[in-house]
Amino acid sequence: MTVQFSPLLPWWAIALFAFVALLLAGLGLWRGLRGAMLRATALALITAALANPVILQEDREALTTIVPVVVDRSQSQDNPERTAMTDAALAGLKERLAHYPRIEPRIVEAKDDASAEAPSTRLFEALSAATADVPPSRVGGAILITDGQVHDIPDADAATGFDAPVHALVTGRPDEFDRRIEVVNAPRFGIVGEPQDLTFRVIDDGAAPGGGARVTVRLNGNEIASEIATPGTEQPLRFTIPRGGNNILEFEVDPLDGEITTANNRAVHVVEGIRENLRVLLVSGEPHAGERAWRNLLKSDTAIDLVHFTILRPPEKQDGTPINELSLIAFPTRELFVDKIGEFDLIIFDRYQHRGVLPILYYDNIAQYVENGGALLIAAGPEHAGNDSIAGTPLSVVLPAYPTGAMNETAFYPRLSEEGRRHPVTRGLEGAESEPPHWGRWFRTVDVGQPQGHVVMEANDGKPLLVLNRAGKGRVAMLLSDQGWLWARGFEGGGPHVSLYRRTAHWLMQEPALEEEALTARAFGRTLQIDRQTIGDAPGTARLKLPSGRTRDVSLDAFQPGLYRAEIDTAETGLYEIENDGLTALVHVGIVDAPEFKATVSTTETLTPLAEATKGTVRRLVDEAGDAVSLPALLPVNGQVRTTDRNRLSLRMTDETVLKGVDSLALFAGFAGVGFLLLAFSALWYREGR
């Protein structure tokens with residue numbers, strides 16, 4: 001209750017009146033006049049009435065005490081036992097807090113940050129957000145339900161934002177253990193065909209039984225090693241990169257019976273394979289207009305070592321010039337096609353014909369080279385339809401098409417076949433989407449019988465133009481025209497000869513990105529992109545296995561002809577496995593050493609210093625032998641919490657109130673005020689009458 005004034009006159013006027021009244025009262029008292037005291041009292045009451053004193057009575061309501069309950073829903077908590085403990089503890093707390101009307105619980109579920117590159121458990125960020133709209137004096141304490149693996153714990157001597165206890169109820173059991181594997185040191189790039197070294201380590205957390213751990217190592221899905229590793233010790237591994245592009249190393253350690261999770265029993269590492277100085281042998285059967293198109297393309301690639309020979313003087317050309325007077329280099333056939341044939345990544349026969357330059361046995365060597373994993377490209381012209389065609393040599397066993405002996409010499413637009421629109425070598429070639437295609441015409445092709453493999457480009461009447469095929473472990477391509485140079489020269493606007501030639505050469509050298517049937521996956525932050533490449537029918541759905549072990553079906557939607565894609569927002573961090581039609585792909589979302597997986601064993605040690613500093617308590621929900629969740633009692637405390645109670649959760653009750661209204665009473669208003677004044681003047685009149 002307070003008193004304030006609401007004057008009827010300006011204060012200076014009231015002060016002047018009070019001054020005059022004081023002089024008159026003082027004079028009367030000094031002279032001893034009869035009734036002077038009553039006159040002074042009447043003047044004082046009149047002055048007080050002019051000041052108009054008002055009594056104010058506030059109507060206040062007590063505020064509730066805010067108690068945030070932060071529930072850890074991070075990935076390390078995502079197993080059936082811990083989830084059940086968390087749910088039971090949360091339900092029990094809600095029931096107990098409901099018995100205290102002056103306590104307002106705020107339930108906050110803290111999940112992994114889906115946008116974070118390295119997910120972690122950040123309970124205190126969630127706690128700060130939950131109490132940001134209330135003053136610290138209203139917070140009576142905080143209760144955390146967690147496994148103890150919290151990664152944003154403030155220092156024990158640092159402010160938590162409020163002066164109240166912080167309690168932790170820990171899920172899990174004291175005898176937990178977990179086994180995980182991590183790659184310690186590994187190269188990100190490597191030369192194809194050269195050995196590389198890395199180290200990995202198996203780690204046992206908690207009360208693990210110990211002993212050796214069997215680790216299986218796979219490279220691009222093929223097992224390359226199986227070793228017994230000692231937990232805690234770095235294990236070396238040597239491997240050879242088999243191909244260019246992404247090479248995926250997968251490490252898997254056998255699980256332990258009873259361990260917390262198997263989500264961290266696998267690890268992946270991606271090594272980018274680099275082909276060092278790809279060696280290409282280009283053999284031109286004779287000088288012609290298209291010869292330089294192949295040479296310029298291959299020479300423009302700094303990663304290619306090109307060996308180019310052009311047959312200028314075949315054996316049948318005898319003009320009597322002595323050999324020692326010729327300025328030509330002898331064709332080192334034995335060195336190229338016997339001694340060093342395995343050193344080449346690609347052999348190109350450009351309008352080459354069998355004219356006795358190569359012994360017949362050497363064609364068999366080339367065929368074996370292809371079947372053992374080599375690459376052969378035939379760029380054919382009119383000679384391929386003649387009597388000296390290399391199709392009549394032992395090389396024919398690897399060629400996908402056999403010439404009929406005829407030439408088609410009608411102008412045509414090269415077109416993509418239906419299969420070619422889906423094949424990664426020709427899919428999306430610039431100009432192919434219009435009809436006729438937006439590129440120049442060609443004027444002749446070699447006529448062939450029914451080809452093997454994939455016809456990705458066609459001439460007139462659907463005749464084969466570009467044929468791709470596999471032979472044993474190797475690959476063969478046949479371009480059944482020598483007119484590609486017209487595109488290079490810009491005839492009728494030219495065409496995408498660079499893209500076509502380069503993609504064909506890279507497909508022959510088994511570039512993974514150009515495989516007809518492929519399943520790949522990439523992670524962009526927390527978004528998982530799955531690509532399924534096929535030249536067949538729609539692949540349907542893919543089976544996605546999450547790090548937690550759960551599976552789900554993912555629909556693959558058409559993105560381009562022959563390319564199907566799905567994009568998924570992920571919530572879990574770790575290794576994802578995708579399977580579709582016998583193909584598998586692995587991808588790791590988030591950084592490999594994310595804090596959420598570095599330690600998964602529950603602990604009370606991390607939060608104990610902060611709890612002790614704030615007079616809170618840390619305790620497990622179940623003991624080693626128990627199965628039922630046991631919750632401590634709540635203890636509301638008026639005033640500061642000064643001691644730690646191990647068996648109860650102390651909560652500081654707030655004394656904050658909110659103003660609901662104000663009742664005011666003017667002392668000299670109404671009958672009471674008039675009565676005081678009448679009483680004073682009546683007494684004065686009565687005294688004067690005596």
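# Briefing: helices, strands and ring pairs in a predicted model

Glutamine 510, whose phi is positive, near 65°, follows helix α10. The structure described here is a predicted model. Its secondary structure comes to 13 helices and 36 strands.

**The protein as a whole**

- The protein has 690 residues, and buried residues make up 47% of them.
- Among the contacts with a separation of 6 or more, 72% are between residues 24 or more positions apart.
- The accessible surface comes to about 33500 Å². Carbon and sulfur atoms account for 51% of that surface.

**Helix α10**

- Helix α10 consists of twelve residues, 497-508. At 1.5 Å a residue, α10 should span 16 Å, and the 16 Å between its end C-alpha atoms agrees with this.
- The buried residues of α10 are His497, Leu500, Tyr501, Thr504, Ala505, Trp507 and Leu508.
- Viewed down the helix axis, the buried residues of α10 fall within an arc of 165°, so they line one face of the helix.

**Backbone angles in the loops**

- Glutamine 510 is placed in the loop between α10 and β25 (518-524). Its phi of about 65° is positive although the residue is not a glycine.
- With a relative accessibility of 30%, glutamine 510 counts as partly exposed.
- Glutamate 492 also has a positive phi, near 50°, and is a residue other than glycine. Its place is in the loop between α9 (485-488) and α10.
- The relative accessible area of glutamate 492 is 37%, so this residue is partly exposed.
- A cis peptide bond, with omega near 0°, leads from glutamate 435 to proline 436. Proline 436 belongs to the loop between α8 (418-422) and β21 (445-448).

- In strand β6 (residues 166-170), five of the five residues are buried, so the strand is largely enclosed by the rest of the structure.
- Val166, Ala168 and Val170 point one way from β6, while His167 and Leu169 point the other way; all are buried.
- Strand β5 (residues 142-146) runs parallel to β6 and is joined to it by five bridges. One of the residues involved is alanine 142, whose bridge partner in β6 is valine 166.
- Strand β33 (residues 618-620) also runs parallel to β6, with three bridges between the two strands. Here leucine 169 stands opposite arginine 619 of β33.

**Aromatic pairs**

- The structure holds eight aromatic pairs.
- In one of these, tryptophan 294 and tyrosine 501 are stacked, with 4.0 Å from centre to centre and 5° between the planes.
- This pair links distant parts of the chain, 207 residues apart: tryptophan 294 is in helix α5 (residues 291-299) and tyrosine 501 is in helix α10. Both tryptophan 294 and tyrosine 501 are buried.
- The rings of tryptophan 439 and tryptophan 487 have centres 5.0 Å apart and planes at 45°, so this pair is tilted.
- Tryptophan 439 lies in the loop between α8 and β21, and tryptophan 487 lies in helix α9, so the pair ties together parts that are 48 residues apart in sequence.
- Tryptophan 439 counts as buried at 4% relative accessibility, and tryptophan 487 counts as buried at 3%.
- Ring pairs link Phe412, Trp439, Trp442 and Trp487 into a cluster.

**Leucine 416 and its surroundings**

- Leucine 416 is part of strand β20 (residues 415-416). Its relative accessibility is 9%, so leucine 416 counts as buried.
- Leaving aside neighbours within four places in sequence, leucine 416 is in contact with Arg421, Thr426, Leu429, Ala432, Val456 and Met457.
- Leucine 416 and glutamate 458 are 42 residues apart along the chain, and their C-alpha atoms are separated by 6.1 Å.

Conventions
Residues are numbered from 1 along each chain as its sequence is written. This is a predicted model: local features need pLDDT of at least 70, side-chain atom pairs count only at pLDDT 80 or more; totals for chains, interfaces and linings use all residues. Side-chain values use heavy atoms; hydrogens and water are left out. Helices (H or I, at least four residues) and strands (E, at least two) are DSSP runs, numbered from the N terminus. The expected span of a helix is 1.5 Å times one less than its number of residues. Buried means under 20% relative accessible area, exposed over 50%, partly exposed in between (1.4 Å probe, protein chains only). The arc is that of the directions from the helix axis to the C-beta atoms. Contact means heavy atoms within 4.5 Å. Accessible areas come from the Shrake-Rupley method with a 1.4 Å probe; for residues, only the protein chains shown count as cover. Two strands pair if DSSP finds at least two bridges between them. Rings of Phe, Tyr and Trp (its six-membered ring) pair if their centres lie within 6.5 Å; planes under 30 degrees apart count as stacked, over 60 as edge-to-face and the rest as tilted.
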